[in-house]
Every structure is written in structure tokens, then in C-alpha cells.
Amino acid sequence: MIDVLPRPATVTPPVDPAPLADWTRRIRAGDLSAFEALFRALHAPLVRFARTYTPRPEAADDVVQEAFARLWERRDRLDPERSVRALLFQAVRNRALNASRDRRTREDLLQQHAEAPASGPLLPDDLAHGETLGAHLRRCLDALPDRQREALTLTRLDGLSHAEAADIMGCAARTVNNHIVRGLHTLRERLHAFDPDAF
Amino acid sequence: MPSDVPPPRLPLDDLRAALADTPAPDREALERVWHALGEVAPDAPAPDTDAAWETLRSRLGAEPSVRPPAADRPAADRPAAGQRRARPAWPVAVVSTLTLAAIVATVVVWQGRPLRLEAAPGATEAAVLADGSLVRLNSGAALVVGRELVQDGVRTVRLEGEAFFDVASGTQPFVVETHDATVEVLGTGFNVRAYAGEGTAVTLEHGRVRVESAGAEVVLEPGETVRVEGGALGAAAEADVARATAWQRGGLVFEAVPLAAVFAEVERRYAVRLDAGADVSLDTEVTAFYADRPALDALLGDLGAAAGVRFAPTAGGYDVRPAP
């Protein structure tokens, strides 16, 4: 077993890479219990991720089910050298983008990604009294341009490496870094308005 | 196997690398924001993982729950590649007459002699091969067919650039060779992109194909893509087929593509020269999608805005300069 490394208290621990590689090998060999372990570890993050592309919760659920079903059907082709986590996130992202094409045109979606429109800055007046830091962060994160939110969610909340995020988002790791740094700058401004002493 | 266990890497390591160029006071502030993000409230409602697992499990119901572990068996024992090869390899391909009629103006019919068909910059071409297979060439691509299409029992063509193949069914395999890969057709409709300096990307629309490069191979199923980069064959991944084949309708797709590659594509597709000054940053990444062929003015206007450059007309094309 891998020793659990000490982490700062606020860091969401990512799924350890070691069990993922082990699960991948066992899944490839047809071990359903390893598949269940993978499913239980990644289902919730994947559904949350899918929801950012599609407004319909049931569509997000379907997309994730399909991705897992396909992974299992084609387990003999799993590559243990490649992150199964990145594979699943990428499959969910592609399926969710394809699924939402019926509702919005693809151009709109990509344009949104390219131009990254921000919904206007939160003004101090917008800040409901008594809103917790967590709820405030959620609103600020949701208001980020798509690519920035995507990069931060994958790396900070789901614990993927920047290289995995780049693989999933179909861009260079350097681009992921840029999205993250820009997103953090924006969040910092909004957090400063929320709590000038802490940020 | 120790190689399967990557060294544990903290997410913070990646963040610090990303912030390496940020001045110290900002860097510390951004790290605090990053830590604070761990407190973010989850979106509601929480996904019901138990119920989802039961649904999925019943869907996979017929599967044996555990098979003997195969992790340590030699690769040759694994069922993957061999099993697939043994399946019947010829789902029937039908080139619809509608499709043919639409492109009849540019169709070249192969007439039993060596053929090198090139699509000039700004143009696309289509060819019907001796076996009835249809090939559509994107701008700046070339297709080479020998005196006989069938060589040693294999229908063989060579491709430089990008083409879409709709392969007629037949008893002989159909093979597309590129500079760094071999695509063997097991079914029918697929896109190959292999411009010089780009590696090869194969996207399958329908049927099945096998892609080989440097001794490795991948069998694609519909809706999948695989890339050869730096001589190495990647893994099959889900693809957006409509986008991979949008060029046939004049469409253009750039997703996080460096400006240098964008310019090369625009030069091929519009037969113009774009001369970028030394002060233009050619690794700026651009994302844009056009389902149909945009007018060149409109395209350059969009690219200019996205990449912070402007285009000044010259005799043969445009000079590219940073926007003032």
C-alpha cells in the first residue's frame, strides 16, 4: 500500500493513483468488483462534471452511465499506462457536449468556450448577508468562463493532474495552467470583495 | 509491476508549477484562493451513486462477475486484437447515389493506370476507385494509387494530407498508407488526416478500421478517433465525427490550435499566403468552429480578434502583424 501523504487540511484528497492502476488491470481481466470500486469512486465527480455541460440532470446521469457501460464492454482494450480517470472524464465530456448539441448549436458552445464570457462581476450588494464562504465560492466558480471553471474543477476539486486535465480538455498542459491562473485571479477579486481581510 | 504505480504527486505541485511565472505576492494570494476552493459547497442534489450502480449492474447482468486475472499473462494471450481480427471483416458499404451526384462535378474516375490525384489549395477533389470506393480529398492533399489498385491481394492507396474514404465492400482488405501509419479498413467510412509535420489522425464514422504504426495497432469503432504523434500510436478516444468531417462541407475546426497551424490550414483551404511577421506569436492557441465555409474576410476578422493580430492585404495574400 502507498503511505498516505500529509496534505493541507483544506485539500480534497484525490483518489490515489495506485488503486486506479490496480483497478484498471483487474477490470481489464474482467473483475467486476474492481469495476464497482472504480464506479463508486468516480461516479459522483463525473456526474457533477457532466452537469456543467447539460442543464438536464437526467442527461448528465445518462452520459455517465453510458461512459461506464462502454468502459466495461470494452475493458479488454484498456491501456494500464493511461489514466482511466482521464479516459472517463474525457468520454463524459465528449458525450455531454454531443448530447447538448440538440439544445444549443455547437457553434454557440464553442464560441462560449472561445470567448469565455463572464457573467458580470459580483457586486458587494449581491452578496447576501450570511452567505457562507462555501456557497459564495460555488457561485463565483459557476460564474467563471467555461474553460477556467472546467480546468479548476478537474484539478482542484476532482484532484486530477494538470496533464490529465489537458488530455480531457483537448489542449496543452500550458493552456490548462493559463486557465487556472486566470480563474484564480478572478476568484481572488471576488473573494476580496467577500472578505477583504482574508484575501 | 512497479511501472504501473506513478510516484504520488500532490495537486499542489502542479499548481506551483503553473504559478512559477507569477510574481511572489500574487502567487501566495492565488495559492490561498486555491486552498480556499476546497471549501466550495457541492452543487445539489448529490448524485445517487448506489442507485446508479444497481442500474448499471443489472444492465451488465449477463457478464461473468470475475474472470481469472490476466494482468501477468503475456500480451499474445490476451484476446483483444486477435479476436477482433477473426471476425467477419466486411460489413457492406453503400455509397449513396445522392452523395455521388452531389460531387459529380469533381469526380475523377480511376482508369487503370497509376494515379496521383491532388487537391490544389482552395479546392477539394473526389475520386471513385476501380472497386467503387469513394475518396474525397481536402485542400492540399494527394492520393496515390498504383497501376493496379489491388497489390498482393490488398487494395492499397497512399495518402498525403486529409481525405474521407467511403470504401466499397469487397473480399480484399483496403489499406491506406500515410507517412507514419497504416490504416486497414475492416468496415467503411473514415477520415484520415496526415499533413506533413502533423502526425496522423484517423476518425471512424461507420464500420471498423485498424490503425497500425511502428508495430502497435488499434481497432476503431464508430465515433472513435486515434492519433499518431511523434511516431507513437495513441489510444482510441471518443471523437466528434461531425467536426472531424466538417471540412467536406467547407467547415473549419480549430480547438486550441496554435496560430502557426491555423495559418497553414487557412493557406491550404483558401489558397492564400499568410506572411506572419517575426513579432507575431505563432504559438497563441485559437479555438473556433465553422460548420460551413466562412468567407475569408469574416474568417480573418475572427482570427484577428481571437489572436490579437491584423491582416494587411498584399499582392498574393496577407501580411500578419500584431494588432496595434
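**Strand pairing in chain B and its surroundings**

Strand 4 of chain B and strand 6 (residues 154-166) of chain B are paired in the antiparallel sense, with four bridges between them (pairing requires that DSSP finds at least two bridges; strands, E of at least two residues, and helices, H or I of at least four, are DSSP runs numbered from the N terminus). Within this pairing, B:Leu134 lies opposite B:Asp166 of strand 6 of chain B. This is a predicted model, in which local features need pLDDT of at least 70 and side-chain atom pairs count only at pLDDT 80 or more, whereas totals for chains, interfaces and linings use all residues. Residues are numbered from 1 along each chain as its sequence is written, while chains are lettered from A and ligands numbered from 1 in the order in which they are written.

Strand 4 (residues 134-137) of chain B also runs antiparallel to strand 3 (residues 125-128) of chain B, to which four bridges join it, and here B:Glu125 has B:Leu137 as its bridge partner. These two strands of chain B form a hairpin with five residues between them, and in the turn B:Gly132 has a positive phi of about 90 degrees. In a regular strand, side chains alternate between the two faces of the sheet. Both faces of strand 4 of chain B are covered, since B:Leu134 and B:Arg136 on one side and B:Val135 and B:Leu137 on the other are all buried (20 or more other C-beta atoms within 10 Å of the residue's own; 12 or fewer is exposed, in between partly exposed, with C-beta atoms placed from the backbone).

Elsewhere in chain B, an open sheet of three strands has the order 17-20-19 with mixed pairing. Its edge strands, each of which pairs on one side only, are strand 17 (273-276) and strand 19 (309-313) of chain B. On average, neighbouring strands of this sheet are turned by 30 degrees against each other, direction ignored (axes are lines fitted to C-alpha atoms, for helices over the stretch in contact, and angles between N-to-C directions run from 0 to 180 degrees). Strand 19 of chain B and strand 20 (residues 317-322) of chain B run antiparallel and are joined by five bridges, with B:Arg310 opposite B:Arg321 in strand 20 of chain B. Helix 8 (residues 296-307) of chain B packs on the sheet, where it touches strand 19 and strand 20 of chain B, and its direction makes about 145 degrees with that of strand 19 of chain B (contact means C-beta atoms, placed from the backbone, within 7 Å).

Chain A, by contrast, has nine helices and zero strands. Helix 3 (residues 57-73) of chain A packs against helix 3 (residues 49-59) of chain B at an angle of about 45 degrees, with the axes 11 Å apart. The two helices are therefore oblique to each other (under 35 degrees is roughly parallel, over 145 roughly antiparallel, 65 to 115 roughly perpendicular, the rest oblique). Residues making the contact include A:Phe68 of helix 3 of chain A and B:Leu56 of helix 3 of chain B.

As for confidence, chain B has a mean pLDDT of 75, with 78% of its residues at 70 or more (pLDDT is the predictor's confidence in each residue, from 0 to 100). Over residues 62-112 of chain B, pLDDT stays under 50, and the model has 57 contacts beyond four places in sequence for them. For the complex, the predictor gives an ipTM of 0.75 and a pTM of 0.45.

Terms used: Contact = placed C-beta atoms within 7 Å.
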